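Subject: Structure handover, pocket and ligand

Hello,

Here is the structure for your files. My notes on the pocket and the ligand follow below it.

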Amino acid sequence: MIHRLVYYSRNRLTDGPLTAWIIKDILSASRANNARVGVTGALMFNAGCFAQVLEGPQQAVEETFERIQQDERHGDVSLLDFGPVGEPAFETWSMGYVGGSESGRTRFAGIAGESGFNPSNFTGDRLFETLHRLALEEEEAALAA
Ligand SMILES: Cc1cc2nc3c(=O)[nH]c(=O)nc-3n(C[C@H](O)[C@H](O)[C@H](O)COP(=O)(O)O)c2cc1C
């Protein structure tokens, strides 16, 4: 059965030219590892924080999350949701990145602001829906380009 995990964390990256490289590094490791174990999802990076959805077989999602939690590039990792779902929502993305576009930035800043930047005020559903909508928008934009 497919499980979905949603978390939020604070990034420890300082703003600067290195940040883009670090994100690229995270994404390339994620895509290679996740494809191998059947995990899909999306990652958002913005406003000092990360938000991520992981989907896949329970054990693969748990093991991936264990590794992510140890990563010193972020901290204060807050698990918002974890449980079985009928079907995956990010099936075509081994790890979609939805932090890049202007609309993504605006929308994420919106929910981060609403929560007073306190991760415990975020709901898993709200983050999941936001990441899913952004991923679909980015896919449509890529298809139209
Ligand atoms: C915000 C964030 C999200 C990450 N997401 C994933 C992920 O989805 N899958 C993954 O394998 N590693 C992810 N990582 C990286 C892991 O923490 C770890 O560096 C990586 O899995 C090690 O892979 P390697 O042993 O192949 O180098 C993430 C790291 C951060 C900081």
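By class, how many nonpolar, polar and charged residues does the shell around the ligand have? Before the answer, please note that this is a predicted model. The shell has seven nonpolar residues, six polar ones and three charged ones.

The ligand and its shell

The ligand is surrounded by 16 residues, and S30, N33, N34, R67 and D71 are the closest of them. Three elements, α1, β3 and α2, each supply at least two residues of this shell. The most comes from α1, which gives four residues.

- R67: an N or O atom of its side chain is 2.6 Å from an oxygen atom of the ligand.
- N33: a polar side-chain atom lies 3.1 Å from a ligand oxygen atom.
- Q52: a polar side-chain atom lies 3.1 Å from a ligand nitrogen atom.

On its own, the ligand has 620 Å² of accessible area, and the protein covers 77% of that.

The pocket

Where does the ligand sit? The space it takes is the largest pocket. That pocket holds about 300 Å³ of space. Its lining is made up of 17 residues, with I26, S30, I68, D71 and R73 closest to the centre. The elements that give two or more residues to the lining are α1 (17–37), β3 (49–57) and α2 (58–69). The largest share again belongs to α1, with five residues. Sorted by class, the lining has eight nonpolar, six polar and three charged residues.

Reading the two lists together

S30 is among the residues closest to the ligand, and S30 is also among those closest to the centre of the pocket.

Regards

Technical notes
Residues numbered from 1 in each chain as written. Predicted model: local features only at pLDDT ≥ 70, side-chain atom pairs only at ≥ 80, totals over all residues. Heavy atoms only, no water. 1 Å grid on protein atoms, 1.4 Å probe; cavity = no way out; pocket = protein on both sides within 12 Å on 5 of 7 lines; lining within 4 Å. Points joined across faces, edges and corners; volume = space filled by probe spheres on them. Nonpolar A, V, L, I, M, F, W, Y, C, P; charged D, E, K, R; others polar. Near = heavy atom within 4 Å. Polar contact = N/O pair within 3.5 Å; in protein donor to acceptor, adjacent residues only side chain to side chain. Areas by Shrake-Rupley, 256 points an atom, 1.4 Å probe, with all protein chains shown as cover. Sits in = over half its atoms within 2 Å of the grid points.
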